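Take a look at the structure below.

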Amino acid sequence: MLGIEDLNIFLVFTLCILSAIFCVIYGVLNWNKGQEKECDEIKEELMWEENENKINELL
Amino acid sequence: MVLKVVFTIVYLSITGFLGYLGFKHTKSSKDYMIGGREIHPMVMALSYGATFISTSAIIGFGGTAAFFGMSLLWLTFMNIFFGIIIAFIFFGKRTRKMGHNLDAHTFPEFIGRRYQSKFIQKFAGSVIFLLMPIYTAAVMIGAAKFIEWSLGVNYNAALLFFAIIVAIYVFFGGIKGVMYSDAFQGTLMFIGMGILLFSVYNGLGGISAAHQKLSDLMSNPTVLAQLKVPPGFEGWTSMPTLFSTTWWIVVSSIVMGVGIGVLAQPQLVVRFMTVKSNREINRAVPAGGIFILMMTGVAFIVGPLSNVYFFEKYGEIAVIAAKGTDNVIPVFLQTYMPEWFMAVFFVVIVAAGMSTISSQFHAIGTAVGRDLYSNKDGDEKKLMLVMRGGMLMAILITVLLAYILPSIWDGAIAISTGLFFGVCAAAFLPLYIGALYFKKLSKVAAISGMCGGFVTSVLWMTFIHTKESEVLKVSALLFGKNSLAPVGSNLAVVDPIIISLAVSVLITIIVALTTKSKFEAKHIATCFNGIK
């Protein structure tokens with residue numbers, strides 16, 4: 001077991017690597033998922049712009 | 001030495017430039033607090049990781065791993081599992097959306113608005129303002145000590161120099177400055193740890209051969225004679241005996257304490273609110289996972305393996321050869337690695353400290369400006385002023401603490417870090433989970449759990465858990481002994497987080513079952529808008 005005496009430690013050694021690999025796979029599979037709806041984004045941008053203008057006036 | 005100075009100057013110039021970029025792109029207080037919600041996923045992941053992993057995680061815990069062995073890898077697993085997988089996928093996405101729905105800018109504001117409670121917001125803000133400087137001081141002590149040791153300058157001079165640099169770019173750059181430089185510092189840390197892992201395995205004859213040599217140390221009578229570990233230690237490549245003193249320390253304090261504590265860290269939670277959509281969080285997961293593996297994973301492998309090197313070279317195990325756990329990693333690097341690497345690693349360690357501290361200062365500043373100070377007239381200019389003033393105050397308190405603490409607390413770094421993680425988890429984790437997943441959880445239940453967890457945590461640290469109680473000295477003054485735990489039991493080594501989190505969860509559940517949620521349906525609908 002890669003020179004590791006205890007099965008428990010070998011297990012966690014492997015788990016660490018597997019969990020990092022899981023992160024990579026998860027990220028790749030969901031790379032383009034979870035985007036906000038376009039209309040929401042536009043609405044938000046508008047609100048944002050309005051706020052920005054207000055702040056710029058203040059500054 | 002010349003190499004170190006050159007590397008440091010280059011590093012500081014780049015950091016300064018990134019702080020300036022943050023400053024240039026910060027126009028509003030929203031920009032200052034959550035980066036206008038348009039931070040790049042890679043920057044977000046690296047910033048999260050670099051904030052998470054501080055100097056003490058590499059030097060302090062790496063040294064601890066040299067003492068307790070590779071069982072600490074369970075902490076790496078917890079860090080990836082809870083700190084990345086659970087935190088990003090299950091908490092992060094909901095936090096982002098809900099934070100967005102509630103227009104929250106800080107962690108206290110997030111939970112305060114979700115539960116419609118000013119008390120929760122002010123309480124969380126106060127915990128951050130009053131207790132976070134202790135944790136920040138711990139990281140600063142670690143970094144300043146390393147600078148003192150490595151460059152041979154005075155500790156106080158190192159401290160001051162370090163504080164001024166960080167203060168400048170947090171003060172002006174806001175979270176953008178902090179996150180840009182975090183990402184740069186994270187990249188440096190990644191490269192440094194990668195080189196370290198490769199050369200250690202390579203130098204000890206490969207992965208299996210290196211582990212085998214470490215396992216074989218336990219059959220050497222000279223090693224056994226040098227071991228001064230608590231009962232239950234079975235070797236560096238073995239788990240300690242179940243429920244022994246060593247097991248309790250490793251599992252409760254190190255693995256569970258730090259592993260779960262990370263979920264309710266205000267300076268980390270706020271990072272989820274800096275991105276635009278869940279897509280950015282999905283894209284940040286791979287970088288986060290690999291980064292944590294390369295940081296704590298490498299530290300917890302290199303730490304134990306240093307025993308092989310020290311024993312082969314000096315006939316002594318790491319802790320004895322380096323004279324203390326905190327010295328293991330620095331001494332090992334200096335004797336084992338080539339000189340140029342020390343120069344690289346010096347910058348890595350400074351970067352690790354800076355990235356954590358900058359986020360802490362930022363969290364404290366926003367807690368003061370947004371959560372403790374009531375900005376009734378909505379004056380943006382005044383708000384920025386209060387925020388920067390609060391941050392300046394926090395910086396001064398932290399520097400003062402970092403100046404005083406080492407002289408009164410031995411092992412101040414580990415104690416202060418554990419203290420803040422423990423208190424945060426006990427006070428905020430149940431209500432944070434409740435905020436994200438339980439629509440019917442009442443305000444009373446959330447507040448009771450928070451207060452119950454906080455009080456239990458403080459009491460356990462003051463009267464039972466020897467690590468803190470012998471430093472706080474309250475128990476000794478009142479009862480003449482450091483811990484009220486019965487003699488012969490392992491209670492004195494059971495970490496506060498185990499007890500206080502259990503109490504906090506229990507109180508939250510009991511009160512939730514006996515009280516009714518009084519939130520209007522409209523409020524809950526707003527909070528959970530767009531959350532499936």
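Here a residue counts as buried under 20% relative accessible area, as exposed over 50%, and as partly exposed in between. By that rule B:K213 is partly exposed, because its relative accessible area is 32%. This is a predicted model.

B:K213 has a partner. It forms a salt bridge with B:E312, with the closest N and O atoms 4.0 Å apart. B:E312 sits in helix α13 of chain B and B:K213 in helix α9 of chain B, so the pair ties together parts that are 99 residues apart in sequence. B:E312 is exposed, at 54% relative accessible area.

The structure holds five salt bridges over all chains. Another of them pairs B:E109 with B:R113, at 3.1 Å between the closest N and O atoms. These two residues are four apart in helix α6 (residues 107-114) of chain B, so about one helical turn separates them. Residues three or four places apart in an α-helix point the same way, because the helix has 3.6 residues a turn. B:E109 is buried, at 3% relative accessibility. B:R113 is partly exposed, at 31%.

B:E109 also meets B:R370 in a salt bridge, 2.8 Å from N to O. B:R370 lies in helix α16 (residues 339-372) of chain B and B:E109 in helix α6 of chain B, so this pair ties together parts 261 residues apart in sequence. Shared partners join B:E109, B:R113 and B:R370 into one network.

Next, a bent helix. Helix α11 (residues 245-261) of chain B bends by about 25° at B:V255. Of its 17 residues, 13 are buried, so α11(B) is largely enclosed by the rest of the structure.

Now the interface. Chain B has 42 residues in contact with 34 residues of chain A. The area buried between the two chains is about 3600 Å², and carbon and sulfur atoms give 65% of it. B:W74, B:R279 and B:R283 supply 15% of the area that chain B buries against chain A, more than any other three residues. α5(B) gives the most to the side of chain B that touches chain A, with 12 residues. That side divides into 16 nonpolar, 15 polar and 11 charged residues.

One residue here is B:S277, in the loop between α12 (266-272) and α13 of chain B. B:S277 touches A:G34, A:Q35 and A:E36, among others. Its side chain makes a polar contact with that of B:E280, at 2.7 Å. B:S277 is buried, with a relative accessible area of 2%.

Note on methods
Residues numbered from 1 in each chain as written. Chains lettered and ligands numbered in written order. Predicted model: local features only at pLDDT ≥ 70, side-chain atom pairs only at ≥ 80, totals over all residues. Heavy atoms only, no water. Contact = heavy atoms within 4.5 Å. Buried area = accessible area lost by both parts, 1.4 Å probe. Nonpolar A, V, L, I, M, F, W, Y, C, P; charged D, E, K, R; others polar. Bend = angle between axes of the 7 residues up to and from the residue. Buried < 20%, exposed > 50% of the residue type's maximum accessible area, 1.4 Å probe, protein only. Polar contact = N/O pair within 3.5 Å; in protein donor to acceptor, adjacent residues only side chain to side chain. Salt bridge = Lys/Arg side-chain N within 4 Å of Asp/Glu carboxyl O.
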